[in-house]
Amino acid sequence: MKIDDSLSGAPSVRSQKTRNGKDKRSTISATITTTQDSVEITQTSAQLNMLEDKLGQLDTAESSKLEAVRQAIAEGRFQVNEEAVADALVQSSMESLSRQGRK
């Protein structure tokens, strides 16, 4: 049995709407590719980067000191030097008040 190929010469049937839709997509694609991206780094972001750098430079020996203090507290042999704590609080308060006065 032979298959009749009589439709092979007929033009393809696509509506005008289908062709226009394809043209619009290519126009949109061209528009999208011509846009430019921009990035702004805020002051807060710059400060965060600076703090991150400073944290990276901290002495890791501090963590061993902290662990020793934790161990001493857990064992009940940690002694608080009240005089040193009071002096540090007064000094910190004076610095804070001094900074507020400059603003």
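1. **Basis.** This is a predicted model: local features need pLDDT of at least 70, side-chain atom pairs count only at pLDDT 80 or more, and totals for chains, interfaces and linings use all residues. Residues are numbered from 1 along each chain as its sequence is written, and side-chain values use heavy atoms, with hydrogens and water left out.

2. **Confidence.** The mean pLDDT (the predictor's confidence in each residue, from 0 to 100) is 76 for the protein. A score of at least 70 is reached by 65% of the residues. Helix 1 (residues 16–33) has the lowest confidence, with a mean of 53. Helix 4 has the highest, at 92.

3. **Fold.** The protein has four helices and zero strands. Along the sequence the pattern reads α-α-α-α. Helices (H or I, at least four residues) and strands (E, at least two) are DSSP runs, numbered from the N terminus.

4. **Surface.** Of the 103 residues, 1% count as buried. Buried means under 20% relative accessible area, exposed over 50%, and partly exposed in between (1.4 Å probe, protein chains only). The accessible surface is about 10,300 Å². Carbon and sulfur atoms account for 55% of that surface. Areas come from the Shrake-Rupley method with a 1.4 Å probe; for residues, only the protein chains shown count as cover.

5. **Helix 3 geometry.** The 15 residues of helix 3 should span 21 Å at 1.5 Å a residue, and the end C-alpha atoms are 21 Å apart, which agrees. The expected span is 1.5 Å times one less than the number of residues.

6. **Salt bridges.** The structure holds two. A salt bridge is a side-chain nitrogen of Lys or Arg within 4 Å of a carboxyl oxygen of Asp or Glu. Glutamate 67 and arginine 70 form one, at 3.9 Å from N to O. They are three residues apart in helix 3, so about one helical turn separates them. Glutamate 67 is partly exposed, at 43% relative accessibility. Glutamate 75 pairs with arginine 77, with the closest N and O atoms 2.5 Å apart. Glutamate 75 is partly exposed too, at 45%.

7. **Nonpolar patch.** Val69, Ile73, Phe78, Val80, Val85 and Leu89 make a nonpolar surface patch of about 520 Å². Helix 3 (61–75) and helix 4 (82–102) are the elements that each give two or more residues to the patch. Valine 85 lies in helix 4 and is partly exposed, at 42% relative accessibility. Patch residues have over 30% relative accessible area and no salt bridge; like charges are joined within 9 Å, nonpolar side chains (Val, Leu, Ile, Met, Phe, Trp, Tyr) within 5 Å.
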